[in-house]
Amino acid sequence: MFDTLRTLFLTALHAFHRRATVQYPEQQPYLPPRYRGRIILSRDPDGMERCVACNLCAVVCPVDCISLQKTEADGRWYPEYFRINFSRCIFCGFCEEACPTYAIQLTPDFEMGEYARHNLVYEKEDLLISGTGKYPEYSFYNVAGIPIPGKARGTSERERPPVDLHSLLP
Amino acid sequence: MTTIRIDGRDCPTRSDINLLQACLEAGANLPYFCWHPELGSVGACRQCAIKQFSGPDDRKGRIVMACMTPVSENTIISIDDPEARDFRASVIEWMMVNHPHDCPVCEEGGECHLQDMTVMTGHNTRRYRFTKRTHRNQDLGPFVKHEMNRCIACYRCVRFYRDYAGGDDLAAFASHDNVYFGRAEDGTLQNAFSGNLVEICPTGVFTDKPFSTVYTRKWDMRGTPSVCVHCAVGCNTIVNAREETLRRVLNRYNTDINRYVLCDRGRFGHGFVNAPTRIRTPLNTIDGQQVSVPMADALTAFARMAAKGRIVGIASPRAALETCFSLHTLVGPQHFATGQTRHEQECTELAHALLTRHPGALPTLHEMESADAVLVLGEDVCATAPRLGLSLRQSVRQASFHTADNAKVPRWMDAAVRTLGSECPSALHVMTPAPTDLDSVAAETFRAAPDDIARLGFAIAHEIDPSATPVTDLAPDDAVRATRIAHALMAARKPLIVSGMQYGSLALMQAASSIAAALARATPAAGLSLVLPECNSMGLAMIGGLPLETVMEQARAGEISTLIIVENDLTRDLSPADVAELVAAVPDIVVIDHTVTPLCHHASLILPVAAFSECSGTLVSQEGRAQRFFQVVFPPAPIQAGWRWIQALARSLDPPPRPITGLLGWRDLNEVLAALAMAFPNLAQAAMAAPGADYRINGEKLRSQTYRASGRTVIRSFISVRDQPPPASPDTPFSSSMEGAYGPEMPGALVPTYQAPAWNSVQALNRFQFEIGGPMRGGPSGIRLLSHAEHHDTEPHPYAYATDIPAPYAPQADAVLVLPDTRLFGSEELSMFSPPIIARSTAPMLGLPASVTTSDRMVLHLEDGPHILPVEPVPGLPAGIALCPAHMVARAFRFPRMARLETVPGEGERS
Ligand code: SF4
Ligand code: SF4
Ligand code: SF4
Ligand code: SF4
Ligand code: FES
């Protein structure tokens, strides 16, 4: 008898406590920019695809849910397709860590629920955004040695113009 | 054997090697760049520095280059010594000063020796803050990509290309930091082995161009051991695939055959597998239209055809042993044709007989490298068996090795030995109608018609062994030459005679075997090697069958109702008139092939067969070595192995007309091979070419994926998000996934890729060898079916020399002798469906003696009509001979033959 009353009293007391429940989805939680949610592929400051299809994100992924194929246009490497199976992804962020070009980034968006599992397979069209994401400045081709349209050989950061092989000067 | 002490550990080692080799063989991780097992040491990169101590009391020691220091008794060295470590770290830091920030977009990445060595030395931060030098690249043709910024100036490329492979259009230019490795100007690399730069260069300067268009990292590709199908040498390869497409072919080390090098036809000829010319579904001819039909309909159609009358089978020298044998079982020996013309069949059978009877040695390619006198008799080996040509090129160095031994210079001390060798005479004699790539290193070349070369060969044999048939009325010059060459060969400890069937001359092969047999009386090491045309010519010769001419006769007599032609394009052997006659005389032609050939237009039924990358099977190389290739790609149904198609055809017959019940019951390759062993005891050993499908290591299958393959849960999810089990093949001991056993001790015939902890590039091979450059830890790959041991007892002594010596060749006024100009790129059938090889092949030209080349174009009358061809003067070509590219002008090209040659009507003589 006493126990029952005590339980009722304690329960009633909770009516005066601070509320912990968030009224999602009317009320959205704050998620920091570095939150690990939906993965995107970003573009470099010139608006070109950042991903160079190096396969490092795919190989580091512990659940093997990234797959892509390299192709090439004007010296730039691109993914011909880029596929993430989000029904497998554990949002560990390793892919972002491994990416040498800041192309693949995790975003503070977790609202990815689907009724059919195959809708969680994202292709490149679904992943590619039009901005630079978290890293506004970086462009891999500015530091890499290979030339692309608009950046001739020997004009990357900290590069000298190509050697003149006919010169006899030391 | 001797012992050295590495970091306090006593390691037994060989005494004729350098310390770098000794360290690697002892399992130590010592970085290096410029040393290569096949190229020796030059000490150019300074990366292999270690500490050497003069004795147990020496605490200080001194830094030496391991690759330049010979092993000596009680050497004490340290790899871990802090000073040596610092030295190596500094060296790599200097090398990386100019290295571009390219790994993500570098085809070498993930299998880069430079990456491995950088990690091994621990250099992980660039301190250099100044500018990097850059280079312009060159377009080096369809095979090799060039990215000079990545060069570390180890000089391996030019040493391989110039010194080893004999090329002259790649060189080092400029000086110090600017040194450049490339051609004098943009253009296609001309050497037949240029593709090896991809593996020889430790960085991403030279990479595989066709592979780059379908690029995938090494760790993402499935690999299986395979065998090259583009000539009869039988080089071992690794085939790599991803997403069920073949991506590239790499060299697979076989200590006896190709070792570290493949020719460009073998490396880049695989493109036919993915070409649009592939047949992917059964095609049935309905109302004159070839329409794609399901497998069941195709088999019903076949059953209806078969009910009408006799079935005859035509096999092919490019089909696997299992395919030929199953066809043999289906149609029976009386109705089994080899798919070769009578002449070609006589040649291959003679080659087989001569090799079996040869009392001396049947050298492997590696043994040929140490031959100290070589006679090439009427075969342009550089075109017909390119890798063999490269081995002969190495044999020229024997004299310099002996000089070096006398001067106490170790053989691996490359620069010194080559300097010594520049004074040494060559002992290579090349006798061919036309110039060959070996001429530049030959002691002597001799240009004559095949019959005249054969006569000279017989004369040499008679000179060596007077009981051999003498040659009457030999020209005095030739008699002198014969004596000279005979003496050179007799003086050798390991002479070698090479011939073949390029010119379709039985006499040439007989002459070659007579010389070799004559030499073998005094020198048991005297070797004989005969070059055959196709990857399984020898296997087919050991099965035997009817020639095409007999099939033609039976067809004309109306005795054939259905012809089953397996992987054979008869239009390459039969003239258009013959093909038309055959098509008219045989109601139904069933073609089983992987590629649309001109023959397919005449077929009633076409069945898609698996290419070499899509099934497992056995090929017998020209030296009689049975070797297994394994499936790497799992093609969509109904593409399946040839023997499975033939089994399906047999099952569709109701009732089976002949006792072919064995054929109906085969479940996997092991059972086919067991049946083959019963039917053909001479091929029984073929089953042992590699461990069977039930082979396990610690109860596990072997994995053909790398342990770090990516994308397992997503790669097929665009089809279905549910996981699928990995595909499995009952014919191989491989699992197609990353699960399974793998290690340096695995059987040599089953190594799917080279990788070892800290070694991700092809240099990981060192870990798979007992001794560097020696046998594999897991044992040899393939098995010799022609062993010298057995035929010694069966051979009636004395050797029965050939007696039919041809008459000298007499040029005729109204006709020329047309001989095939066999080309590295262009003559071989399958590689000419591969885009890079097509790009590399050049237009056909008619080769004529320089003296008679009067006009730019001539008309050559072959059996299928006149051909107008541009004319190319061939220096040294004997009078009365014309060289015509094989299969490039007239598709069916029979030789030797006489043909009329005319000037183009309306075109005047060249002024
Ligand atoms: S977050 Fe982790 S699990 Fe998801 S794709 Fe990236 S690496 Fe794979
Ligand atoms: S790691 Fe980055 S650049 Fe490389 S494939 Fe993945 S997303 Fe593209
Ligand atoms: S050569 Fe090796 S280290 Fe250099 S960019 Fe290519 S992968 Fe990276
Ligand atoms: S191109 Fe390659 S092989 Fe040649 S020197 Fe440079 S790094 Fe060495
Ligand atoms: S490997 Fe020894 S100096 Fe290059």
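## A sheet in chain B

Six bridges join strand β12 (residues 236-242) of chain B to β13(B), and the two run antiparallel. Strands here are DSSP runs of E, at least two residues long, numbered from the N terminus. Two strands pair if DSSP finds at least two bridges between them. Within β13(B), R248(B) is the bridge partner of N240(B).

The model is predicted: local features need pLDDT of at least 70, side-chain atom pairs count only at pLDDT 80 or more, and totals for chains, interfaces and linings use all residues. Residues are numbered from 1 along each chain as its sequence is written, chains are lettered from A and ligands numbered from 1 in the order in which they are written, and side-chain values use heavy atoms, without hydrogens and water.

The open sheet has three strands, in the order β11-β12-β13 (chain B), with antiparallel pairing. Its edge strands are β11 (222-227) and β13 (245-251) of chain B, and each pairs on one side only. Neighbouring strands are turned by 30° against each other on average, direction ignored. Such angles are taken between lines fitted to C-alpha atoms.

## Where the chains meet

How many residues of chain A are in contact with chain B? There are 48, and they touch 51 residues of chain B. Contact means heavy atoms within 4.5 Å.

The size of an interface is often given as the accessible area lost when the parts come together. Between chain A and chain B, the buried area is about 3800 Å², and carbon and sulfur atoms give 51% of it. This area is what the two parts lose to a 1.4 Å probe on being put together, summed over both. D64(A), R158(A) and R160(A) supply 17% of the area that chain A buries against chain B, more than any other three residues.

## Salt bridges

Side chains of opposite charge can pair when their charged atoms come close. A salt bridge is a side-chain nitrogen of Lys or Arg within 4 Å of a carboxyl oxygen of Asp or Glu. Six salt bridges link chain A and chain B. E72(A) and K145(B) form a salt bridge at 3.4 Å, N to O.

The structure holds 57 salt bridges over all chains. E123(A) pairs with R83(A), their closest N and O atoms being 2.7 Å apart. E123(A) lies in the loop between β5 (121-122) and α4 (124-127) of chain A and R83(A) in strand β3 (residues 76-85), so the pair ties together parts 40 residues apart in sequence.

Conventions. Helix = DSSP H or I, 4+ residues; strand = E, 2+ residues; numbered from the N terminus. Axes fitted to C-alpha atoms, helices over the stretch in contact; angles between N-to-C directions.
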